Amino acid sequence: MNTYKYLGLFLLSLSIVSCDVDNELDAIPAEEVAEVALDINGLDFSKYISIGASFTAGFTDGAMFIAAQENSFPNILAGKFGTEFNQPLMDDNIGGFAFGSIQVEDFSPRFYFNGAGPARLNATSTTQLRGIATGTSFNNMGVPGAKSFHLGVAGYGQLNPYFGRMASSPGASVMGDALAQSPTFFTLSEIGGNDVLGYALSGGSGVDQTGNYNPATYGGSDITDPNVFASVFSGMVSALTANGAKGVVANVPYITDLANFTTVPHNPVPLDGGTAGAVNAAYAPYNGGIQQAFAFLVAYTPMTQEMASAEIAKRTISFSEGQNAVVIVDEDLTDLEALNPAFAGLKQYRHATADDLLLLASSTVIGTTVGGNPQLINGVTVPLADNWVLTPQEQASIMTATDAYNTTIAAVASSNPNIALVDFKGVLTEASTGIMFDNYTMNTSLVTGGLVSLDGVHLTARGYALMANKILAAMDAEFGSNFTLATGGLAKAGDYPTNYSPALR
């Protein structure tokens, strides 16, 4: 009893004492962050010119539009440089071009996220196909679609409406207009990207022109010869630095790391057992014909049984219950029809594998019917055409050319003290698994990754801000500036969106 009595008195005394104690602690002052002044170390930004293609222009979500151009990496850089920067702005935030009141098919409105995936805005652009941008002199000379050798072509604005909007005259060239402004600082970015991108987006349907030194004979989806690229690129850098201007050049990423080539799986076809059996029955004559054809080749040509067995296994079409790989046309397989008329009908078909890359656009084709016929299903009973798929051989052609371009870019940069090199190839490789930008982890996944826009190729505004920061870091390393340390010297991830509202017009 007494124990509890005194315990109660002790607790009461504590409560009384606590009433007399000031429990309010002095506020801990926020740690003051020292302001760091920007030191450009003598760099002259009085006339900054950006030369390049769609990344330089700010192309995003499959189109050019005002908001995207305002978030282009050159415009972000100009803001950090504190210099005037004029861009050939489009007339709206719809994107693409119209001819009168008709939307031009090859220049569609931008994509937006409709809750399920990318969708085109249901709107008509107000930017006219042959219209001229407001202004007379432009700092941003980024031209979507331009290949390396296009930048020196006189009259290129007659072929490319994006350059046509800003060309100083009908006979002007991109490099001519850039040099006429006597740039004191420049960026030369993604030169070489379009030299392989057209080939990739055509599913390798173009021609690898390695060994052909005449670009006038190239098709739009061809790979540019590395020697042609080397001559053009070194010539551009020499011209831009001839009067002492400094600049940054960027190497070329492996474009096959982008979402356009990594989003659609090779095995997106779900089948039940009955459907799989019916499809297999339809392919039975084809599979039997393949067996007979290669037996003939082993008996009457130098082809070995080992070679034949490997190709038979690759070409045999077989579906099962569950997820199945699509059937594709692979032009690198032995052309049996060309070898012997008796093999007519034995096309170059096989199942796709994890080593194949299906283009993003193939998602709108796989599983659809041909002419409404339920027996003719794209990717199943009707093989996907070559233009929807990049095979390993086609991927190798892209990588070989890209490596050659990058060897030239690195050599030109290292031999010229006025040039800094930024490793965009390394950035994109890192981003394939995740790259930090302030408090955000960005990757190359479509829609959710934050880096690549809804077209699967070009960057988001936040991606372009990261690109600007990488350029500023390269400048610090090469020229002794301090953008990476200065207060407000870098772009902040949170200031730039990863998507645009469909209401933005």
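Which glycine just after H7 takes a positive phi? That residue is glycine 203, with a phi of about 65°. The model is a predicted one, so to speak of local features a pLDDT of at least 70 is needed, side-chain atom pairs count only at pLDDT 80 or more, and totals for chains, interfaces and linings use all residues. Residues are numbered from 1 along each chain as its sequence is written, and side-chain values use heavy atoms, with hydrogens and water left out.

First, the overall picture. The chain holds 14 helices and 19 strands (DSSP runs numbered from the N terminus, H or I of at least four residues for helices and E of at least two for strands). Its radius of gyration is 29 Å, well over the 23 Å that the globule rule gives for 505 residues, so the chain is more spread out than a compact globule; the radius is taken over C-alpha atoms, and the rule is 2.2 Å times the number of residues to the power 0.38. The C-alpha trace spans about 105 × 90 × 50 Å along its principal axes. Buried residues make up 50% of the 505, where buried is under 20% relative accessible area, exposed is over 50% and partly exposed is in between (1.4 Å probe, protein chains only). Of the contacts (heavy atoms within 4.5 Å) between residues at least 6 apart in sequence, 72% join residues at least 24 apart.

On to the inside. The largest nonpolar core has 131 residues, and Ile51, Phe81, Phe185, Leu188, Phe233, Phe319 and Met475 are those with the most contacts inside it. Helix H14 (residues 461-479) brings the largest share of this core, eleven residues. Such a core is a set of buried Ala, Val, Leu, Ile, Met, Phe, Trp, Tyr and Cys residues joined through side-chain atoms within 4.5 Å.

Strand E1 comes next. Five of the five residues of E1 (residues 48-52) are buried, so the strand is largely enclosed by the rest of the structure. In a regular strand, side chains alternate between the two faces of the sheet. In E1 both faces are covered, with Tyr48, Ser50 and Gly52 buried on one side and Ile49 and Ile51 on the other. E1 runs parallel to strand E7 (residues 185-188), to which four bridges join it, and parallel to E6, with three bridges; strands pair if DSSP finds at least two bridges between them. Tyrosine 48 has phenylalanine 185 as its bridge partner in E7, while isoleucine 51 stands opposite methionine 141 in E6. Leaving aside residues up to four places away in sequence, isoleucine 51 touches a set of residues including Met141, Leu151, Val174, Phe186, Leu188 and Leu240.

The loop between strand E6 (140-142) and helix H5 (161-164) carries serine 148. Serine 148 is buried, with a relative accessible area of 1%, and its contacts, not counting residues up to four places away in sequence, are Ile191, Asp195, Thr224, Phe229 and Val232. Asp195 is also among the buried residues of H7. Helix H7 (residues 194-201) is mostly covered, with six of its eight residues buried, and its cover includes strand E16 (389-390) and helix H12 (392-414).

Now for the rings. Rings of Phe, Tyr and Trp (its six-membered ring) pair if their centres lie within 6.5 Å; planes under 30 degrees apart count as stacked, over 60 as edge-to-face and the rest as tilted. By this rule there are 24 aromatic pairs. Tyrosine 283 and tyrosine 286 have ring centres 6.4 Å apart and planes at 75°, so the pair is edge-to-face. Both lie in helix H9 (residues 273-300), three residues apart, about one turn of the helix, and both are buried. Phenylalanine 296 and phenylalanine 343 are also edge-to-face, because their centres are 5.7 Å apart and their planes at 80°. This second pair links distant parts of the chain, 47 residues apart: phenylalanine 296 sits in H9, and phenylalanine 343 in the loop between helix H11 (336-339) and strand E12 (349-351). Phenylalanine 296 is partly exposed, at 33% relative accessible area, whereas phenylalanine 343 is buried, at 8%.
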